[in-house]
Amino acid sequence: MRDSTKHQGQRKQLIEQLREKGIKDERVLKVMAGVPRHLFMDPALVNFAYEDKAYPIAAEQTISQPYTVAFQTELLQLKPSSKVLEIGTGSGYQTAVLLGITPQVYTVERQQLLFKKTQRLFTQLGLRPKKHLFGDGYLGHEDAAPYDRILVTAAAPELPKSLLTQLKLGGKLIIPLGEEEQFMMRFTKTGVNSFDQEKFGRFRFVPLLQHKN
Ligand code: SAH
């Protein structure tokens, strides 16, 4: 399945909805207007690809709602030179949006089935993150640290310290924090052990699977 004028039209309408819901970053909207979300969906749900909703993918996970993807990407304030670590590759849709802004994207997925599926899709679509890793994103990815930005796309009950450690000075971490419901948080690193924090709206994410010692 490829992109089509039908899909492009539906995508345009979705972008207008995102604008009405408060997304202002024109670069984010432009990139999302070009990413064929239907190719990241379960084939049975393709007709819903341009609804502003989350849908099930494999392994009891979900493809994030477009509004959530737009909101998190806007909060990242990416530059074309930003080095970004994404925790929770999932369908790869958010990864594709990040790659539309910067080539320096590292992404980690904990579910092997999804990891393999999305790896095939990246190859088919010619999407080339710097690294697509199978592993525990709770620990970040030390080898390529430090990062300008870290984006967590699953709900964390508390702040994973390793992620803060792997940020550059002035770097930002976007993470939904909470159990049943989460607040979107943005942490900006101001010193080795100091951070500014900002709190945004409420969201619902699937849980970040925690690392067990
Ligand atoms: N960005 C994805 C969102 C997927 S949902 C998309 O747009 O499709 C969150 C993802 O985080 C799931 O794929 C889940 O398997 C993954 N995940 C959960 N805990 C994780 C962990 N500790 N490390 C890496 N990935 C994790």
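Residues are numbered from 1 along each chain as its sequence is written, and side-chain values use heavy atoms, with hydrogens and water left out. Because the model is predicted, local features need pLDDT of at least 70 and side-chain atom pairs count only at pLDDT 80 or more, while totals for chains, interfaces and linings use all residues.

Start inside. In soluble globular proteins, nonpolar side chains tend to be buried together. A nonpolar core here is a set of buried Ala, Val, Leu, Ile, Met, Phe, Trp, Tyr and Cys residues joined through side-chain atoms within 4.5 Å. Buried means under 20% relative accessible area, exposed over 50%, and partly exposed in between, with a 1.4 Å probe and protein chains only. The largest core has 42 residues, and L18, M32, F40 and Y93 touch the most other members. Helices α1 (5–20), α2 (26–34), α3 (66–76), α4 and α5 (112–125) each supply at least two of its residues. Helices (H or I, at least four residues) and strands (E, at least two) are DSSP runs, numbered from the N terminus. The largest share of this core, six residues, comes from α3. A second, separate core holds 22 residues, including L133, Y147, L163 and F187.

Now look at L18. Contact means heavy atoms within 4.5 Å. Beyond its neighbours within four places in sequence, L18 is in contact with I23, L29, M32, D52, P66, Y67 and A70. L14 sits in helix α1 and is buried, at 2% relative accessible area. L14 and D52 are 38 residues apart in sequence, yet 7.0 Å apart in space, C-alpha to C-alpha.

Next comes α3. Ten of its eleven residues are buried. T73 belongs to this helix and has a relative accessible area of 1%. Its side chain makes a polar contact of 3.0 Å with that of Q94. A polar contact is a pair of N or O atoms within 3.5 Å; within protein, one must be able to donate a hydrogen and the other to accept it, and residues adjacent in sequence count only if both atoms are side-chain atoms.

Q77 follows α3. Its phi is positive, about 50°, although Q77 is not a glycine. Q77 is partly exposed, at 40%. A59 also has a positive phi, near 55°, and lies in the loop between β1 (55–56) and β2. A cis peptide bond joins A145 and P146, with omega about 5°.

Finish with the pockets. On a 1 Å grid over the protein atoms alone, a pocket is an open set of points where a 1.4 Å probe fits, with protein on both sides within 12 Å along at least five of seven lines; lining residues have an atom within 4 Å of a point. Grid points are joined across faces, edges and corners, and a volume is the space filled by probe spheres set on the points. The largest pocket has a volume of about 490 Å³. Of its 35 lining residues, Q61, T62, T153, A154 and V206 are the closest to its centre. The second largest pocket holds about 380 Å³. It is lined by 19 residues, with L39, F40, M41, K117 and L121 nearest its centre.
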